[in-house]
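Subject: Structure handover

Hello,

Please find the structure below.

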Amino acid sequence: MLNPQRSLSELPKTSTASQVERVVLEEEFNWLLKEEVHAVLKQLQDVLKEASRRFSMPTPGFENQLKQENFILGSSTMDQVKGVLTLQGEVLTQADINLKVAKSSQVLHFQFREDKQWKLQQIQDARNHVNQALQLLSSRDESYHFKSGAEVNKLMDGVMLQLTRARNRLTTPASMTLPELAASGLMKMFSPPIPGDVMVNFYINLSKLCLTVYQLHVLPPNTTKNFKPAGSSVLHSPGAMFELNNNRFEVSHVHKVECVVPWLSDTLVFFTISLQLCQQLKDKISVFSSFWNYRPF
């Protein structure tokens with residue numbers, strides 16, 4: 001055991017070297033806690049403010065009004081479904097859809113009623129998670145002194161949790177059963193009303209705004225033996241069956257059209273950058289923690 005009265009020069013060389021190294025590391029770590037952590041927090045705030053701004057882009061000249069964007073759905077190769085969707089923040093303010101009915105030349109046209117709008121919950125939830133991450137970051141201003149690596153890691157974990165949830169809301173649409181879709185308020189949004197043998201769904205997948213149209217036919221009562229209700233899914237396939245109001249249905253045709261929403265693409269990039277910044281800071285903390293196993297990292 002070392003005698004505390006002995007001078008540094010009297011200590012064994014290996015012990016002196018390790019003590020000097022420890023002092024240097026201690027200084028570097030204190031600099032990290034005082035300076036670099038706050039620099040990273042500032043970077044994170046800047047990136048996430050840009051992400052948050054994408055969710056609420058104002059109309060030029062009308063600062064209190066969100067920008068309305070029109071998106072054309074459909075393609076030259078598949079013209080069974082075509083449409084124009086109007087998106088304002090997280091709200092679909094209008095949907096104008098043409099459906100060419102399979103096995104006939106009939107074209108159905110329906111659009112949102114003037115008194116109806118449809119909120120895309122995925123976008124709202126993602127925005128809320130971004131704002132919660134920003135609140136966590138703003139709770140530690142530049143004057144705040146972090147006392148340990150564990151404290152920094154805890155903050156980074158909280159921010160990463162919110163960002164992961166935000167990203168997951170955009171990348172993972174909600175699964176629904178066909179009866180749930182049939183009973184959703186979306187079916188009551190249109191004028192003229194959607195026919196009983198057609199169902200629609202809107203959702204976000206990554207940076208894409210998607211519309212799925214299902215055409216149905218009623219199964220005869222004697223199909224009990226072969227009837228197998230479909231489970232929950234984002235996208236149901238032809239042949240999927242379900243029961244509603246004592247009637248049994250089968251999906252005969254599925255049409256999916258989509259378009260890219262550029263600001264959602266930007267937002268996903270901002271999420272990736274932010275998560276990388278958080279992880280890089282955690283990695284630096286862990287490098288120091290390996291030198292001080294006795295400290296609460």
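Strands here are DSSP runs of E with at least two residues, numbered from the N terminus. This is a predicted model, in which local features need pLDDT of at least 70 and side-chain atom pairs count only at pLDDT 80 or more, while totals for chains, interfaces and linings use all residues. Residues are numbered from 1 along each chain as its sequence is written, and side-chain values use heavy atoms, with hydrogens and water left out.

Strand 3 pairs with strand 4 (residues 81-88) in the antiparallel sense, over 6 bridges; two strands count as paired if DSSP finds at least two bridges between them.

An open sheet is formed by 4 strands in the order 9-10-12-11, with antiparallel pairing. Strand 9 (198-205) and strand 11 (241-244) are its edges, each pairing on one side only. Strand 11 is joined to strand 12 (residues 247-260) by 4 bridges, and Phe-242 has Phe-249 of strand 12 as its bridge partner.

On the cysteines, a disulfide is taken as a pair of cysteine sulfur atoms within 2.5 Å, and the count by this rule is 0. For Cys-210, the nearest cysteine sulfur is that of Cys-259, 8.0 Å away. Cys-210 is buried (under 20% relative accessible area; exposed is over 50%, partly exposed in between, with a 1.4 Å probe and protein chains only), because its relative accessibility is 0%. Cys-278 is also buried, at 0%.

Regards
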